[in-house]
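Trainee: Before I use any of the terms for this model, I would like to know what each one rests on.
Mentor: Then ask term by term, and we will set each value against its cut-off.

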Amino acid sequence: MAVLFLLYVIAEVAAVWAVASQIGVLGTLGLLLAGALVGSWLARREGGKAARAVMATARSGRSPHNEITDGMLVGLGGLLIFLPGFVSDVAGLLLLLPSRALFRRAWMRRLQRRGPIRSTPGTPFGPGMRTRTIVVDSEVVSDDRRRDDGEGGPRPNGRPVIDSE
């Protein structure tokens with residue numbers, strides 16, 4: 001993470017330096033301010049659209065996973081717009097414009113490959129997906145076989161007893 005953050009900072013400084021050398025310091029500051037203003041307006045507009053889409057989809061009884069993912073990407077795009085620099089502004093704009101559908105599809109494919117998803121018909125991930133199952137070896141102990149000292153120590157069969165009282 002530290003290396004990625006360092007690379008990001010270097011890219012931002014290089015981009016600001018390149019723009020400032022072409023249009024000047026005041027022009028660069030004006031461009032950064034304009035990007036923040038336009039980006040915040042766009043984030044507000046797209047965030048409202050995403051919220052309305054989630055509500056409409058939920059009311060219709062369908063799963064709003066695409067709409068929720070869009071809302072998440074709009075929020076991330078809005079955050080990137082507020083970070084100072086041109087690289088983050090471009091990344092934020094890509095997430096605020098209709099191009100975010102590409103990012104949403106990539107995100108959903110990643111979830112399909114990695115997530116613990118149940119394989120039930122009607123889910124957005126479809127049948128045939130693997131599930132993660134945890135098997136716990138246990139034994140039910142009746143009250144008459146409990147130890148009298150109340151400790152959860154080893155039983156005669158060598159297994160510990162976990163008391164939930």
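**Terms and cut-offs**

Mentor: Tyr 8 has a relative accessible area of 27%, so Tyr 8 is called partly exposed. Keep in mind that this is a predicted model.

Trainee: Why is Tyr 8 called partly exposed?
Mentor: Buried means under 20% and exposed means over 50%, with partly exposed in between. Tyr 8 has 27%, so the term is partly exposed.

Trainee: What makes Phe 5 exposed?
Mentor: The relative accessible area of Phe 5 is 56%. The cut-off for exposed is over 50%, so Phe 5 counts as exposed.

Trainee: Why is the aromatic pair of Phe 5 and Tyr 8 called tilted?
Mentor: A search of the whole structure finds one aromatic pair. In that pair, Phe 5 and Tyr 8 are 6.4 Å apart centre to centre, with 40° between the planes. Centres must lie within 6.5 Å, and planes under 30 degrees apart would be stacked, over 60 edge-to-face, so 40° leaves tilted.

Trainee: How are Phe 5 and Tyr 8 placed in helix H1?
Mentor: Phe 5 and Tyr 8 are three residues apart in helix H1 (residues 2-23), so about one helical turn separates them.

Trainee: How do you know that Arg 100 and Glu 46 form a salt bridge?
Mentor: Their side chains meet at 2.9 Å, N to O. The limit is within 4 Å, so the pair qualifies as a salt bridge. Arg 100 lies in helix H5 and Glu 46 in helix H2 (residues 25-59), so the pair ties together parts that are 54 residues apart in sequence.

Trainee: What makes Glu 46 and Arg 100 buried?
Mentor: Glu 46 has 7% relative accessibility, and Arg 100 has 10%. Buried means under 20%, so both residues count as buried.

Trainee: How do you know that Asp 70 forms a salt bridge with Arg 104?
Mentor: The closest N and O atoms are 3.0 Å apart, and the limit is within 4 Å, so the term applies. Asp 70 lies in helix H3 (residues 65-82) and Arg 104 in helix H5, so this pair ties together parts that are 34 residues apart in sequence. Salt bridges that share partners join Arg 45, Glu 46, Lys 49, Asp 70, Arg 100 and Arg 104 into one network.

Trainee: What makes Arg 113 exposed?
Mentor: Arg 113, in helix H5 (residues 100-114), has 53% relative accessibility. That is over 50%, so Arg 113 counts as exposed. Arg 113 also belongs to a patch of positive charge on the surface, with Arg 105, Arg 109, Arg 110 and Arg 114.

Methods. Residues numbered from 1 in each chain as written. Predicted model: local features only at pLDDT ≥ 70, side-chain atom pairs only at ≥ 80, totals over all residues. Heavy atoms only, no water. Patch = residues over 30% accessible without salt bridge, like charges linked within 9 Å, V, L, I, M, F, W, Y side chains within 5 Å. Areas by Shrake-Rupley, 256 points an atom, 1.4 Å probe, with all protein chains shown as cover. Lys, Arg positive; Asp, Glu negative; His and termini not counted. Charge placed at Lys NZ, Arg CZ, Asp CG, Glu CD. Helix = DSSP H or I, 4+ residues; strand = E, 2+ residues; numbered from the N terminus. Buried < 20%, exposed > 50% of the residue type's maximum accessible area, 1.4 Å probe, protein only. Phe/Tyr/Trp six-rings, centres within 6.5 Å; stacked < 30°, edge-to-face > 60°.
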